[in-house]
Structure formats: C-alpha cells, structure tokens
Amino acid sequence: MTQINIITPDGQQTSIDASANESVMQAASRQGIEGIVAECGGNAMCATCHIYVAEDWLDRLPAMSDDEDALLDGAAAERRANSRLSCQIPVTDEIDGLTIRVPDRQV
Ligand code: FES
C-alpha cells in the first residue's frame with residue numbers, strides 16, 4: 001500500500017491508502033476526497049483532477065506529457081509551477097508519502 005497525504009481546500013489533511021493499479025486521482029475519488037471532480041474519468045481530457053504537488057515531490061514524479069501540459073493551461077484554478085493532473089500520476093511504491101493539495105475549484 002502506498003500512502004498519499006491530501007490537503008483539501010478547507011485545509012483539512014487526510015491520508016489515504018492507494019494501490020499500484022490505480023492513479024492518484026482514482027485513489028482519491030474512491031475514498032471520497034472532496035474537490036477531485038475527474039469529469040473525463042482519467043482520460044486526460046478535462047483538467048478537473050488538477051492538484052498542487054508538494055515542492056519536494058515534484059522531481060520524484062513521472063514527467064509531464066505534452067497533453068497534460070496543455071490541459072493544465074485550461075484548469076479552473078490558477079496554474080502553478082507545481083500543478084499536475086492527478087489522473088496522470090500512477091501509484092507506485094516510489095510515491096509513498098506524497099503530499100498533494102486540492103485547488104479551491106475544478107470547474
Ligand atoms: S480526470 Fe480528466 S484530466 Fe484527469
């Protein structure tokens with residue numbers, strides 16, 4: 001099991017268990033994390049799974065694809081240097097302890 005720490009827009013921090021066969025978005029949605037909308041179901045078409053990644057984790061995640069980069073430009077909340085799409089981050093042992101923050105809006 002991989003643990004992911006999630007800070008929701010209201011400032012509450014929750015730790016969830018994630019499995020290797022899912023994305024960070026799927027793990028968060030499955031456990032009812034508020035603010036991860038994921039309208040397209042993880043197909044990199046909506047940007048409603050936008051998250052902010054803790055700075056010390058940025059270099060430890062898989063590189064961003066051109067599609068993810070383009071979609072983030074259209075995210076509802078401000079795009080920042082640490083913005084990612086949670087559906088494009090697969091759960092692996094390497095991300096155990098990852099901390100992410102959910103933006104205040106997705107649509
Ligand atoms: S769920 Fe649509 S882009 Fe991630």
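This is a short chat about the predicted model shown above.

Reader: Before we start, what kind of model is this, and how are residues numbered?
Author: It's a predicted model, so local features need pLDDT of at least 70 and side-chain atom pairs count only at pLDDT 80 or more, while totals for chains, interfaces and linings use all residues. Residues are numbered from 1 along each chain as its sequence is written, and side-chain values use heavy atoms, with hydrogens and water left out.

Reader: OK, how many helices and strands does the chain have?
Author: There are 2 helices and 5 strands. Those are DSSP runs, numbered from the N terminus: helices are H or I with at least four residues, strands are E with at least two. Along the sequence the pattern reads β-β-α-β-α-β-β.

Reader: And what's the radius of gyration?
Author: It comes to 12 Å, close to the 13 Å that the globule rule gives for 107 residues, so the chain is as compact as a globular protein of that length. The radius is taken over C-alpha atoms, and the rule is 2.2 Å times the number of residues to the power 0.38. Along the principal axes, the C-alpha atoms fill a box of roughly 30 × 30 × 25 Å.

Reader: How much of the chain is buried?
Author: Buried residues are 44% of the 107. Buried means under 20% relative accessible area, exposed over 50%, and partly exposed in between, with a 1.4 Å probe and protein chains only.

Reader: What does E68 pair with?
Author: E68 pairs with R84, at 2.7 Å from N to O. This pair links distant parts of the chain, with E68 in helix α2 and R84 in strand β4, 16 residues apart.

Reader: Are those two buried or exposed?
Author: E68 is buried at 1% relative accessibility, and R84 is buried at 5%.

Reader: And D69, which residue does its side chain meet in a salt bridge?
Author: R79, at 2.6 Å from N to O. D69 sits in helix α2 and R79 in the loop between α2 and β4, 10 residues apart. D69 is partly exposed at 32%, and R79 is partly exposed at 30%.

Reader: What else is D69 in contact with?
Author: Apart from neighbours within four places in sequence, D69 contacts M64 as well as R79. Contact here means heavy atoms within 4.5 Å.

Reader: Which residue does R80 bridge to?
Author: R80 bridges to E78, with the closest N and O atoms 3.2 Å apart. R80 is partly exposed at 39%, whereas E78 is exposed at 52%. As for shared partners, salt bridges join D69, D73 and R79 into one network.

Reader: New topic. Where does S86 sit, and what does it touch?
Author: S86 is in the loop between β4 and β5 (98-101). Leaving out neighbours within four places in sequence, its contacts are S23, V24, M25, I36, C49 and I51. S86 is buried, at 1% relative accessibility.

Reader: And G74, buried or exposed?
Author: G74 is exposed, with a relative accessible area of 60%. It lies in the loop between α2 (66-72) and β4 (83-85).

Reader: Last one: what's the phi of A38 and of A47?
Author: A38 has a positive phi of about 55° although it is not a glycine, and A47 has one of about 65°, again without being a glycine. A38 lies in the loop between α1 (24-30) and β3 (50-53), and A47 is found in the loop between α1 and β3 too. A38 is buried at 13%, and A47 is buried at 3%.

Methods: A salt bridge is a side-chain nitrogen of Lys or Arg within 4 Å of a carboxyl oxygen of Asp or Glu.
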